[in-house]
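Let's take a walk through this protein together. Have a look at the picture first, and then we will go through it step by step.

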Amino acid sequence: MDIYDIESLAVLSHDLGLLKFIKTFSENAPQLALMLTTILQRGQLDPCTVLKAVVSATAIAVNVTMYHRALHSFLPEEKKQQLLSSAVYFLWNLFLISSRLTALALFASVLPCFIFTHFICSWLLLFFFVWRSKTDFMDSPGGEWLYRATVGLIWYFDWFNVVEGRTRYRTLLYHAYILVDVLLLCSLWCWKMSTAPPYFVIPQLYAMITAVSVVSVYILGILLKIVYYKCYHPNLAKDELKGGPTGQGPMRSSGDVLDGDVVIDGDSVPQTIILMEDTGFRSMPSSPAPSVQRCNKRMRKLAENFYS
């Protein structure tokens with residue numbers, strides 16, 4: 001296997017990782033919220049059921065962390081992050097996502113008809129803010145609108161960087177909004193369980209402890225996120241990432257052909273003057289072939305958003 005095949009596999013691996021990341025929030029997270037809602041409605045809080053929920057939440061956080069590890073491939077060698085940074089990244093995502101899903105499940109367990117209204121209203125608001133961010137991720141306008149709709153869905157559960165540059169205030173605004181939403185959802189559940197419990201009765205004190213615990217876990221996740229950005233997150237200009245126009249050589253995006261290349265059997269090959277066997281002459285190469293690497297431009301764009 002030559003270097004071109006290895007780079008092609010890396011490009012495909014990045015694409016698959018991005019699709020798996022999207023699937024995590026479009027399929028796995030809603031399924032876990034539904035499972036938690038069913039558990040709460042049936043009152044099945046036995047250890048086995050709780051363990052299943054914990055494992056599912058952990059799997060979601062692992063998928064998000066694997067996306068984070070995929071972005072590491074664009075870091076220069078001197079800026080490579082250690083496993084400890086991924087461990088902190090995993091923990092704050094686990095706390096934030098678990099708290100968010102639990103709050104949604106608590107609300108859906110007592111007011112199931114309103115959870116769809118909550119989702120639609122929240123998604124429209126988040127989609128509006130994605131549009132206002134003026135993202136430029138896809139090649140076509142239709143693809144860009146689909147991408148913005150997908151980001152709105154991801155934001156319903158967790159934060160996702162969509163523009164490069166400093167996003168501190170956007171992140172603070174987002175987490176403030178989600179924290180207030182989590183607090184509101186838990187408060188409504190606590191009120192409903194205290195006044196007219198639909199399935200089973202629990203003491204008001206236990207309901208309050210549950211609501212406060214869910215909100216506290218979200219706050220703990222925010223604190224761990226601050227620790228990550230203060231201690232482990234490298235802030236780089238986009239030109240410093242691998243695949244940039246400086247210091248890394250020209251990059252080849254998936255499917256691109258560089259000027260001066262010829263295509264043989266579907267592959268782009270640096271141009272040289274070919275041996276003429278019938279005349280017995282061998283000409284010299286016109287110029288040294290440049291060092292070319294294949295680069296997944298979509299993942300590199302996400303790396304720019306995350307590290308810059």
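A nonpolar core is a set of buried Ala, Val, Leu, Ile, Met, Phe, Trp, Tyr and Cys residues joined through side-chain atoms within 4.5 Å. In this predicted model, the largest such core has 68 residues. Those with the most contacts inside the core are Phe25, Leu71, Leu101, Trp155, Phe160, Cys186 and Leu302. At least two core residues come from each of these helices: H1 (3-42), H2 (47-71), H3, H4, H5 (141-155), H6 (168-195), H7 (204-231) and H8 (297-307). Helix H3 gives the most, with 15 residues.

Now let's zoom in on Leu71. Setting aside residues up to four places away in sequence, Leu71 touches Met299, Leu302, Ala303, Phe306 and Tyr307.

Next, find Ala108 in helix H3 (residues 83-110). Is Ala108 buried or exposed? Ala108 counts as buried because its relative accessibility is 7%, and buried means under 20%. Beyond its neighbours within four places in sequence, Ala108 is in contact with Thr37, Gln41 and Ile115. Ala108 and Leu185 lie 77 residues apart in sequence, and their C-alpha atoms are 9.1 Å apart in space.

How far can you trust what you see? The protein averages a pLDDT of 78, and 72% of the residues score at least 70. Confidence is highest in helix H4 (residues 112-132), at a mean of 95, and lowest in strand S2 (residues 261-264), at 40. Over residues 245-293 the pLDDT is below 50, and this stretch has 59 contacts in the model beyond near neighbours in sequence. Where pLDDT is low, the predicted coordinates should not be read in detail.

Methods: Residues are numbered from 1 along each chain as its sequence is written. This is a predicted model: local features need pLDDT of at least 70, side-chain atom pairs count only at pLDDT 80 or more; totals for chains, interfaces and linings use all residues. Side-chain values use heavy atoms; hydrogens and water are left out. pLDDT is the predictor's confidence in each residue, from 0 to 100. Helices (H or I, at least four residues) and strands (E, at least two) are DSSP runs, numbered from the N terminus. Contact means heavy atoms within 4.5 Å. Buried means under 20% relative accessible area, exposed over 50%, partly exposed in between (1.4 Å probe, protein chains only).
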